[in-house]
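Cut-offs are given where each term comes up.

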Amino acid sequence: MNQTYGMVGVSAVVLATVLVGALGLRLSRTTSDFYVASRSVPPPLNAAAVSGEYLSAASFLGVAGLVLAQGADMLWFPIGYTAGFLVLLAFVAAPLRRSGAYTLPDFAEARLESRAVRRTAGALVVGVGWLYLLPQLRGAGLTLRLLTGSPAWLGGLVVAVVVTAAVAAGGMRSITFVQAFQYWLKLTALLVPAVFLLLAWRSDHTPPPAWDERPVFHRSTQIRVDRAVRVTFHEPVRVRATGTVDGRPLHERTLSLGEGAHRLAAGTTLRFPPGAQVPLPDDGPGRAAPSSWARPLSANREEHGLYATYGLILATFLGTMGLPHVVVRFYTSPDGRAARRTAAVVLALLGAFYVLIPLYGVLGRVYAPDLLLTGDTDAAVLVLPQRLIGGVGGDLLGALVAGGAFAAFLSTVSGLTMSVAGVLTQDVLPSLGIRHFRPATVLAIAVPTAANTVVSELPVADAVGLAFAVSASSFCPLLVLGIWWRGLTAPGALAGLVLGGGSALLAVTATIAGGARSGWPHTLLAWPAVWSVPVGFAAMVLASLATRGRVPAGTGATMARIHLPETPAGCAAGRRP
C-alpha cells in the first residue's frame, strides 16, 4: 500500500471527524445534550449513528480476516451481529427508552431500587467497554503499521487522542453527527473498492477459488515473518530464502524444503513460486484441513466446533442488547416509537454493510494467502486493492479503504468512551456533572490504550466476540427479566450479574491471558456464552423466587411506565388525540 496515499486518506478522515464534531459542539448547551443529545435525535440520523458506532474494527477488518482463514463458519459473526438488533428491536428498544434512564446502571437502579445493583452493573459496563475497546485500538495499530511501518501501539494512541478531544468537547450531541457521517463513509469505503475488485477478478486469469484445496500462491510471492514461527509444509517446495531456516543462516539462497515442519526465525524472508501451497503456522489461523474451509462444522476444522458455533451464536444474538455504547443511543430517541423505528432502520443499514464483507474474505483467500503465514489476516481488506488492481488506482482505493478503517475505529471508540465515561462520572468520580465528565473521558480511554501495548495477539473479531459473551451473560438477563418480569428482585439481579457476567468475565480474562490452549478447558473458556448465559438467567430467576418478598414497592408503576405508550405531543391529558 502506498504510504503517502494511505496517510492522506487517514488524515482526511481524522480532519473530517474533528470538523463534524465541532458542528455538534456548537449545538451542545446542557447536561442533557452531553449525555443523551437532549433525547431529540430523529430515527434516520440515530440509525446511521448507531450503525456507525456498531460497525467496529471487528466488522470492517476482523470478519473478512476470519473468513479468509477459517471459512464459512465465520459468517455467523455478521449474521449474529445483525440478528442481535432484531432481538433488541423485539424485546428491549422501546421499553428501555420509556424508562427515562441515561445509562444501564440508571435503568438497573430505577427498576430495582438498589444502589448495590447499580454499582455492580456499572462495574460490568466499564469491564465490557474496556474489553470492547481493546480490539478497536489493535485494529488502528495494524492499519497505521501497514501504512507507515510504525509501532503497533501508535495507531491506537492516535485514535485515543482524537476521540478524547471529540467526546470531552461535545459529548453525545457531537458524537451523534460524527458517527452518522462515519457510517456512510465506511459503507462507501467498502462498496466502491468492491466494485473494482470484482471487475479486476473477472478480467484476471487467476483460477476461481478451489474450495476443496489448501490455499496456494497464484503468483510469485515474497513473505517476511516478524516473529519466530514453526510452519508445516504439506508438499516439497523450492524457495529463495534470506534469514534463518531450521537454524541455518541463509542469504539469497535457493533451497528445497521438504514435507513436514520447519522453523523460521524472526525477520526471515521467503519467496515462493507460483502454484506452491501456503505453509500454515502450527499455532496460527487457517489450519482447517482440506475440504473444510467452505464446509460449515467440518469435523476437522477445530476441537468441538459445534459447541464453539453455538457459543458464537448465543453471544452475538443476545449480547447486542447489553453493549453499553449501543444501548445508550436509544436513550437519545424522542420516545419509544422512535426507538423502535431506529432499530428497524439499523437492521437495513447493517445488512447493506455486511453483504460486502464475505467478498473480501474470499478474494483474500485467492490473492492474499500469505497473510495466513504472517498472521496478519485482519489486514486482508487493506491489502486487496493493491494486490488486484495496483498502480495509482490501487493506491487510491487503498487510501479509501484505510480511511474507512480509521472511521470504524473512531466511531466505535467514540461510542464506547462516551458510555464508559458516563458511568465513571456518575458512579465513580464525585458527582460534579460535566466538570468531571472530561477527566472521566481520559480515564475511560487511557486504561485500554495502556493494555493495548501488552495484549496484541488475539484476532480482532475474536476479541469482540468475548465482549459480546460478557454482555450476553450479564445485561441480557437483566434487561429481559427487568422489562418483562415483575418478580425480579434486587438480590436476584445481583446473583445473576455476579454469577453470569462475573463468570463470563473471568473466562474471557483467562482466554486473553492464554490460560488453557487446547481441549475442553480452552473451548469452555473461549466460548463461555453457552453456559454463562443460562447461569445468569437461572441465578436471577431462582434468587428472585427465593426473595419474592423483596420485590420493589414501585414495580407496578415502573412496569406501567416502560410498557404503556407515551402520550403524543400536543394532546391534552385525559383526551384522545
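## Helix H13 and the overall fold

Helix H13, residues 357-367, is mostly covered, with 8 of its 11 residues buried. Buried stands for under 20% relative accessible area, exposed for over 50%, and partly exposed for the range in between (1.4 Å probe, protein chains only). The buried residues of H13 are Ile 357, Tyr 360, Gly 361, Leu 363, Gly 364, Arg 365, Val 366 and Tyr 367. Helices (H or I, at least four residues) and strands (E, at least two) are DSSP runs, numbered from the N terminus.

This is a predicted model, in which local features need pLDDT of at least 70 and side-chain atom pairs count only at pLDDT 80 or more, while totals for chains, interfaces and linings use all residues. Residues are numbered from 1 along each chain as its sequence is written, and side-chain values use heavy atoms, with hydrogens and water left out.

The protein chain has 22 helices and 7 strands. Of its 577 residues, 57% count as buried. Its accessible surface is about 21,900 Å², and carbon and sulfur atoms hold 64% of that; the areas come from the Shrake-Rupley method with a 1.4 Å probe, and for residues only the protein chains shown count as cover. Among contacts (heavy atoms within 4.5 Å) with a separation of 6 or more, 83% are between residues 24 or more positions apart.

## Nonpolar cores

A nonpolar core is a set of buried Ala, Val, Leu, Ile, Met, Phe, Trp, Tyr and Cys residues joined through side-chain atoms within 4.5 Å. The largest one has 132 residues, and Phe 60, Tyr 81 and Val 159 have the most contacts inside it. Helix H9 (residues 152-203) supplies the largest share of this core, 16 residues. Apart from it lies another core, of 29 residues, including Val 239, Leu 255, Phe 272 and Leu 372.

Phe 60 has a relative accessible area of 0% and is therefore buried. Beyond its neighbours within four places in sequence, Phe 60 contacts Lys 186, Ala 189, Leu 190, Phe 353, Ile 357, Val 381, Val 401, Gly 404, Ala 405 and Ala 408.

## Aromatic pairs

Rings of Phe, Tyr and Trp (its six-membered ring) pair if their centres lie within 6.5 Å; planes under 30 degrees apart count as stacked, over 60 as edge-to-face and the rest as tilted. The structure holds 14 such pairs. Phe 60 and Phe 353 form a tilted pair, 6.3 Å centre to centre with 40° between the planes. This pair links distant parts of the chain, 293 residues apart: Phe 60 is in helix H4 (residues 57-70) and Phe 353 in helix H12 (residues 336-354). Phe 353 is also buried, at 0% relative accessibility.

Tyr 307 and Trp 520 form an edge-to-face pair, 5.5 Å centre to centre with 80° between the planes. Tyr 307 lies in helix H10 (residues 305-319) and Trp 520 in helix H20 (residues 519-526), so the pair ties together parts 213 residues apart in sequence. Tyr 307 is buried at 14% relative accessible area, whereas Trp 520 is partly exposed at 41%. Ring pairs also link Tyr 54, Phe 60, Phe 77, Tyr 81, Phe 85, Tyr 132, Phe 353, Tyr 354 and Phe 468 into a cluster.

## Salt bridges

A salt bridge is a side-chain nitrogen of Lys or Arg within 4 Å of a carboxyl oxygen of Asp or Glu. The structure holds 9 of them, including those in the table.

| Salt bridge | N to O distance |
|---|---|
| Arg 219 and Asp 204 | 3.2 Å |
| Glu 252 and Arg 240 | 3.0 Å |
| Asp 370 and Arg 387 | 2.9 Å |

Asp 370 lies in helix H14 (residues 370-374) and Arg 387 in helix H15 (residues 380-388), so this bridge ties together parts 17 residues apart in sequence. Asp 370 is buried at 7% relative accessibility, and Arg 387 is partly exposed at 29% relative accessible area. Salt bridges that share partners join Asp 106, Glu 109, Arg 115 and Arg 118 into one network.

## Ser 99

Ser 99 sits in the loop between helix H6 (93-98) and helix H7 (104-112). At 10% relative accessibility, Ser 99 counts as buried. Its side chain reaches the backbone oxygen of Leu 96 at 2.6 Å. Leaving out neighbours within four places in sequence, Ser 99 contacts Phe 107, Tyr 331, Arg 561 and Ile 562.

How values were computed
Polar contact = N/O pair within 3.5 Å; in protein donor to acceptor, adjacent residues only side chain to side chain.
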